[in-house]
Amino acid sequence: VRLNEDDAAIETLLTALRRDSQLHSAYALMADIYAKKNKLQLALEQTQRTIDTAPKSSPNARTVYVLKRASLLRRDNQPAESLAALNALSPEAHLQPTVLRDIATSWAMLGKPEMAAELYERVLTADPSSAHAAAQAANWRIKSGDLDAARQHLQSLRRIDPRHESLIDLENKLRESSSAIAE
């Protein structure tokens, strides 16, 4: 793979899989090769095999593979399927920032940024000290056009972390959105 000899790499991986059909890492590597070649259906098939063969004792590996599958589904313009794959993850996995981001992106692709905002609002309800959740809730409320809710989330963010890295950017986006509505 590092030598860009993809066909030879696939042959080697297939040989390894004939010896041990449970080598989830081999399926994952084949999925990467197919994705790089923009053969998304083949990549998706291999990613599903990766998920199916991932050891139950390693939920983190499974989460990584589901994230990869969801990303491929979004790349193939299948955000609803991406969302379904992500929603099948454990409740613990749903608290991971990468999973939250991918769920929010899937909602946005479906034209429902308010659902992305609600996702981060639930996290903020569970953990009122989460600056990340407050920032993302504000961001998605701005995108959904709910500027009053965005202002409230920005106030929460200022209370949680008055020096948060995205505070100025979010305030500017809110100001621009407010100006656009006023015009």
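Let us start with Leu119, which sits in helix α7, the stretch covering residues 113-126. Helices here are DSSP runs of H or I with at least four residues, strands are E runs of at least two, and both are numbered from the N terminus. You are looking at a predicted model, in which local features need pLDDT of at least 70 and side-chain atom pairs count only at pLDDT 80 or more, while totals for chains, interfaces and linings use all residues. Residues are numbered from 1 along each chain as its sequence is written, and side-chain values use heavy atoms, with hydrogens and water left out.

Is Leu119 buried or exposed? Leu119 is buried, with a relative accessible area of 10%; buried means under 20%, exposed over 50% and partly exposed in between, using a 1.4 Å probe and protein chains only. Setting aside residues up to four places away in sequence, Leu119 touches Leu100, Ile103 and Ala104, where a contact means heavy atoms within 4.5 Å. Leu167 lies 48 residues from Leu119 along the chain, and their C-alpha atoms are separated by 20 Å.

Now move to helix α6, residues 97-109, where you will find Ser106. Ser106 is buried too, with a relative accessible area of 0%. Beyond its neighbours within four places in sequence, Ser106 is in contact with Arg74, Pro79, Ser82, Leu83 and Leu86. With one of these, Ser82, the side chain of Ser106 makes a side-chain polar contact at 2.9 Å. A polar contact is a pair of N or O atoms within 3.5 Å; within protein, one must be able to donate a hydrogen and the other to accept it, and residues adjacent in sequence count only if both atoms are side-chain atoms. Ala70 is 36 residues from Ser106 along the chain, with 8.7 Å between their C-alpha atoms.

Stepping back, how many helices and strands does the chain have? There are ten helices and zero strands. The radius of gyration is 20 Å, well over the 16 Å that the globule rule gives for 183 residues, so the chain is more spread out than a compact globule. That radius is taken over C-alpha atoms, and the rule is 2.2 Å times the number of residues to the power 0.38. Along its principal axes, the C-alpha trace spans about 65 × 35 × 30 Å.

Finally, buried residues make up 43% of the 183 residues. Among contacts between residues at least 6 apart in sequence, 46% join residues at least 24 apart.
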